[in-house]
Amino acid sequence: MARLSFRRSLAIARQDWRVLRRDPLPAAVLVVLPLVLIPFLKPAFHLALTLESGPADSGAGQAVPGMAITFAFFLVGNASNGFFREHAWRTWDRLRASAATTPEIVLGKLAVPYLQALIQFGLVFGAGAVLLGLHVYGSWVAMIGVGLAYSLFLVLLGVLVTAVCRTYIQVYAVTYVGALVFAGFAGALVPHALLPPWAQALAPLTPAYWAMDGYRAAITGSDGSVIAILVLLGFSVAVGAGGVLLLRADETKVAWV
Amino acid sequence: MAGADEDADSALSLRGIYKSYGEVTALAGVDLSIGRGEVVALLGRNGAGKTTLISIAAGLHRPDRGSVRVDGIEMRDRPGSAQARLGLAGQETGVYPTLSVRQNLRFFGELVGLGGRAIGARIEELADALELGELLDRQAQTLSLGEQRRLHLALAIMQPPPLLLFDEPTAGVDVRSRSRILGLVHELSRAGSAVCYSTHYLVEAERLGASVAILHDGRVLAYDPLERLIAAHGDSAVELTFDGPAPTLAPLPHVRLSESTLRVPAGGEPGLALARALSTFGDSVARLRDAKMIQPTLESVFLALTEQSDSVRVAVANVNGSSVL
């Protein structure tokens, strides 16, 4: 088996960073939108959490991680777009004909979306803490751990989605449907305890639930972040393996239709 | 059949390459070997298999059967090492449209391991060679088609590899850009790179002084240096024009091009063919207005070989009672 060259992966990641810098608006939207929506959702979450378990915080402890998780899912589409746009620009074959191996290309393509996810979580939680009344009673380290694990899951899911979708419109559909479904099960739209019983039963099957569980545990200072991180890493391994097995580098992808 | 020594010495060696897409056979046993510093023009009609062959040589697709060696390295066994020894400029322009020309070049320089001052120097060098100097800080999407094609080509040669695969690099470009590109191919081959150059413009093969491989229906019909190919497969002819109707030329094979013009195949001896024709005309020779020697060209050889191959295919199909459509 050929050895990985991190130099080539780094070159690919740098190029993707240049592309992102040239057009940062879509990335910025994923940070701004949750921050815009959180103030609208905070009072509703405050009421819901008070009904559920007595006097609660301002609602930011639910609204901030909920919106962060909801909008982070769009990074699945961003990660996948990193591959699809190479097809659109006819540079995919150039990359494949270079000395860079497929694992090196995939690694390079995932670096920027992963970094973007971490920055996105950092900015949303940072702004949540400074501007929106989020209080972390537990551990910021646990918050970071959950962010690292969930971001890993998201970018690896991006590879799997790339592998199974032939067109970018399909990726687009998967991303939008996935973001809303994950948000629902995570308790980002309605706190988990207030979900219908069937949804409560299914929620642990979704990584978003565990991300929310891990963040809530870190915010409230309860146990559970470590388990959530481990479950998220398990999901990451599963989707990563699926991506590796199903991704065919020589398959032609259609960028827009 | 080439031996192992020849394969090891070649920048590209393709042996017994077969490739099908479902029921469609794209390549049916292609053998092709390109030596270091050699330019081979790959000619063929649309659908002849040129792009498939280049894709397989670049390691983008695996052949169903056969072996691909780049600079002595078997693609199947060590694809990364083999691909590190080739540069590809595919049929479609592949550049990063939202980035500048310089950023495009820098990326491919980084991929081949250039860094620091070397990458900057190489960018300047290529910009000079391909007239991209003024365009280095322009976004690639704002370039004209010809400029984009020159950039597309430059990306393949950030570090000139032993083998270059150019698939119709001059498609759609103006005369000046074409001239630049051909000049660059010359320089690259002089510097030791082997170039496999697919084109529909036969005159480019002549200008490059290339060896010519004619690909037809997934097979190599002919592969020789240009002069040898024409000598081996091209027939000269004598074209005779008369005042009034051309006389009959019963004993000699000929083609009547118009009422007053005949073409007589001359093989390799047009003088002899002319003498024979004149001797059969009798009194009509007084009406002979013009006699032209028609020399074979790459185009005439290409057409003759491909049409001959089509005729054989039709004949075989008729014998077998199957359709050729």
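Chain B has 11 helices and 14 strands. The model is predicted. In chain B, 42% of the 325 residues are buried. Chain A meets chain B through 21 of its residues, which contact 24 residues of chain B. The largest nonpolar core has 156 residues.

**Chain B overall**

- The C-alpha trace of chain B spans about 80 × 50 × 35 Å along its principal axes.
- Take the contacts in chain B between residues at least 6 apart in sequence: 68% of them join residues at least 24 apart.

**Nonpolar cores**

- Within the largest nonpolar core, A:A211 and B:Y197 have the most contacts.
- Helix α7 of chain A, residues 140-164, gives the most to this core: 14 residues.
- Beyond its neighbours within four places in sequence, B:Y197 is in contact with the run B:V39, B:V40, B:A41 and B:L42. B:Y197 is also in contact with B:F166, B:V185, B:L208 and B:A210.

**The side of chain A that touches chain B**

- Chain A puts 21 residues in contact with 24 residues of chain B.
- Helices α1 and α5 (92-97) of chain A each supply at least two residues of this side.
- The largest share comes from α1(A), with 7 residues.
- By class, this side of chain A has 10 charged, 7 nonpolar and 4 polar residues.

**Helix α1(A) against helix α4(B)**

- Two packed helices are described by the angle between their axes and the distance between the axes.
- The crossing of α1(A) and α4(B) is left-handed.
- From α1(A), the contact is made by A:R8, A:A11, A:R14, A:Q15 and A:R18.
- From α4(B), the contact is made by B:Q103, B:F107, B:E110 and B:L111.
- By class, the contact of α1(A) with α4(B) has 4 charged, 3 nonpolar and 2 polar residues.

How values were computed:
Residues are numbered from 1 along each chain as its sequence is written. Chains are lettered from A and ligands numbered from 1 in the order in which they are written. This is a predicted model: local features need pLDDT of at least 70, side-chain atom pairs count only at pLDDT 80 or more; totals for chains, interfaces and linings use all residues. A nonpolar core is a set of buried Ala, Val, Leu, Ile, Met, Phe, Trp, Tyr and Cys residues joined through C-beta atoms within 7 Å. A residue is buried if 20 or more other C-beta atoms lie within 10 Å of its own, exposed if 12 or fewer, and partly exposed in between; C-beta atoms are placed from the backbone. Helices (H or I, at least four residues) and strands (E, at least two) are DSSP runs, numbered from the N terminus. Two residues are in contact if their C-beta atoms, placed from the backbone, lie within 7 Å. A crossing is left-handed if the near helix is turned anticlockwise from the far one by less than a right angle, and right-handed if clockwise. Ala, Val, Leu, Ile, Met, Phe, Trp, Tyr, Cys and Pro count as nonpolar, Asp, Glu, Lys and Arg as charged, and the others, Gly among them, as polar.
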